[in-house]
Amino acid sequence: MFTANIQAVGNSLGLSALVATIPLLAFFVMLLGVKARAHVSALVALAVSILVAVVGFTMPLGLSAYGATVGAVHGLVICWVILGAIWFYQITVLSGRFEDLRRTFDILGGGDLRIQAILIAFCFGGLLEALAGFGAPVAITATMILALGVKPLKAATAVLIANTAPVAFGAVAVPIDTAGQVGGKDPQVIATIVGHQAPLLAIFVPVLLLFVLDGIQGVKDAWLPALVIGISFGAAQWLTASTAIYNLTDVVACIASMTVAVLFLQVWKPRGIEGVRERNGLPAASEKKEELPAVRIWMAVLPYLIVVAIFGVANLWKELKKTLGSVSVTYRIDDLANAMVDKTGKAVSAGQYKFTWLSNPGTLLIISGLIVAVIYFFFNENGKYGFKFPAIFTEFGSVVHRMRWTIVTIASVLALAYVMNLSGQTVAMGTFLASLGVAYAFLAPALGWIGTAVTGSDTSANALFSKLQVSASDTLHAAGVTGATPELMLAANTTGGVVGKMISPQSLAIAATSVDMEGKESDIFKAVVPWSFAMLVVVCALVFLQTNVLHFMIP
């Protein structure tokens, strides 16, 4: 029998928390200092986490290995989502319809490469995050932006930054529902508070994307439409998050921002179009372009309308959602399940992973892809579009081969996360932060940031730290900080996780694979980590102000 002890090292919480950071430091040293590839860095960090678990936190080696195995299985399930997303995208490429989709965004963006990229990464990517999450938005939008002619590093950086504001309400608000369930609080109240935090990031993200894509000149040329897109997205988030349909917050926000963008671009004319193309090494835009018929625009957009429909029905039709969720495969290790107990002797649910494969976003993406393939097969406009049907199956094998090291990375990172969680390493870090008293009101989002950076999932970060956040709130209340309500702390954990996702090894690996930068994850990390830190400071400051001054933002 094993019970995690967060004071295992020298009977000291501080020392235990310090030792618990070693696996994370090992990963980043390998990635940035040694410049090892992401999967090598993750495997080294996993080995270090097991060593720390066994030597520092007295977890038996066998249990550590079992925990890593369950985590790896969880990682493979996440990979299933990413494989489905990239394969779905490849269907549009094989059919020849992707070029029409690119030209559709060209029309919507007024021919401005930067506005096109914002519409794809921020608006369209947010919609994918709302429905699928788990890396699918990064995988799909990165390849689309790369096809516009944006350089690989810029494309990867842009999509990772864009995939921030929508994350809290991603996968139909699963992170918020998880925070409510684990923390024992009303998820709608948590959603309302998050809806008063995330929009303040969303407003400025499109402007940041301009800077990433085209430097200060891009900001000068197109700051107004970028700000309009950000404000419309943030306003829709703020309003929808406070209602009973908070699960659809990102869907509403993305549709609203896309609609406002299209209307605004009817009266605003892009500036510096040729300049941005020249700075990106692209040829000048052709003045004469073949007219794009409405039917081709419709057929190019159709795959993503089908995705919205499939995910909407699967997640919002309660009876169907229950039926799909009942079809599952369970992976269980009895020795781990029977040996892990809490301080009261109650078994910790850690020895198994339930894969609800039929309702999984990866499966839904594959179903969507098959439907699209059938439609494209029969409506191929006299052979100009379409493909030989076996090609879609051989392409899936090609995607798996291309993603092989990414799969290793993600499986290793989730194995690392499970070992750190089960041994007490992650909770030791979190509890130490929570022991800092009044200062914790400022640092609360850092827990979500750490949890998401490690696991790549805001949902997982909430599962890890929600109980701790509620306990910290009780401690702050005892110290007289009455503004630190449990719901605010849970929202802080969620929003902090939002800005940690861009630096998670999982996200870095997905982005690198999508833009053909495998093995250069460290370059992407260097590009995004300053933005992650800066956004974290903003969130921390906002939560501190909400705790002490801005009480009107808390329902």
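Is phenylalanine 544 buried, partly exposed or exposed? At 32% relative accessibility, phenylalanine 544 counts as partly exposed, because that class covers what falls between the buried limit of under 20% and the exposed limit of over 50%. The model discussed here is predicted, and the values quoted for it are computed from that model.

A search of the whole structure turns up seven aromatic pairs. One of them joins tryptophan 80 and phenylalanine 396, edge-to-face, at 6.1 Å centre to centre and with 65° between the planes. Tryptophan 80 belongs to helix H4 and phenylalanine 396 to helix H19 (residues 390-402), so this pair ties together parts that are 316 residues apart in sequence. Tryptophan 80 itself is partly exposed, its relative accessible area being 28%. The pair that contains phenylalanine 544 has phenylalanine 442 as the other member; their ring centres are 6.4 Å apart and their planes stand at 70°, so this pair is edge-to-face. Here helix H22 (residues 440-455) supplies phenylalanine 442 and helix H26 (residues 521-548) supplies phenylalanine 544, so the pair ties together parts that are 102 residues apart in sequence. Phenylalanine 442 is partly exposed, with a relative accessible area of 31%.

In soluble globular proteins, nonpolar side chains tend to be buried together. In this model the largest nonpolar core has 176 residues, and Phe122, Met144 and Tyr440 are the ones with the most contacts inside that core. Helix H4 (residues 61-95) gives the most to the core, contributing 15 residues. For tyrosine 440, the contacts beyond four places in sequence are Leu433, Ala434, Leu447, Leu468, Gln469, Ala472, Leu476 and Met489.

Two or more lining residues come from each of helix H5 (98-108), helix H6 (113-131), helix H13 (249-264) and helix H15 (294-316). By residue type, the lining of the second largest pocket divides into 15 nonpolar, two polar and no charged.

Threonine 157, in helix H8 (residues 152-162), is buried, with a relative accessible area of 4%. Leaving out residues up to four places away in sequence, threonine 157 touches Val212, Ala527 and Val528. Threonine 240 sits in helix H12 (residues 205-241) and is also buried, at a relative accessible area of 8%. With neighbours within four places set aside, threonine 240 is in contact with Ile245, Tyr246, Leu248, Thr249 and Val252.

A loop can hold a buried residue too. Glycine 195 is found in the loop between helix H10 (187-194) and helix H11 (198-202), and its relative accessible area is 0%, so the residue counts as buried. Apart from neighbours within four places in sequence, glycine 195 is in contact with Phe169, Gln237, Trp238 and Ala241. The C-alpha atoms of glycine 195 and alanine 165 are 10.0 Å apart, while the two residues are 30 residues apart in sequence.

Asparagine 11 has a positive phi of about 55° although it is not a glycine. Asparagine 11 is located in the segment before helix H1 (13-20) and, at 62% relative accessibility, counts as exposed. Threonine 58 likewise has a positive phi of about 55° without being a glycine. Threonine 58 lies in the loop between helix H3 (38-56) and H4, and with a relative accessible area of 52% this threonine is exposed, because the limit for that class is over 50%.

Note on methods
Residues are numbered from 1 along each chain as its sequence is written. This is a predicted model: local features need pLDDT of at least 70, side-chain atom pairs count only at pLDDT 80 or more; totals for chains, interfaces and linings use all residues. Side-chain values use heavy atoms; hydrogens and water are left out. A nonpolar core is a set of buried Ala, Val, Leu, Ile, Met, Phe, Trp, Tyr and Cys residues joined through side-chain atoms within 4.5 Å. Buried means under 20% relative accessible area, exposed over 50%, partly exposed in between (1.4 Å probe, protein chains only). Helices (H or I, at least four residues) and strands (E, at least two) are DSSP runs, numbered from the N terminus. Contact means heavy atoms within 4.5 Å. Ala, Val, Leu, Ile, Met, Phe, Trp, Tyr, Cys and Pro count as nonpolar, Asp, Glu, Lys and Arg as charged, and the others, Gly among them, as polar. Rings of Phe, Tyr and Trp (its six-membered ring) pair if their centres lie within 6.5 Å; planes under 30 degrees apart count as stacked, over 60 as edge-to-face and the rest as tilted.
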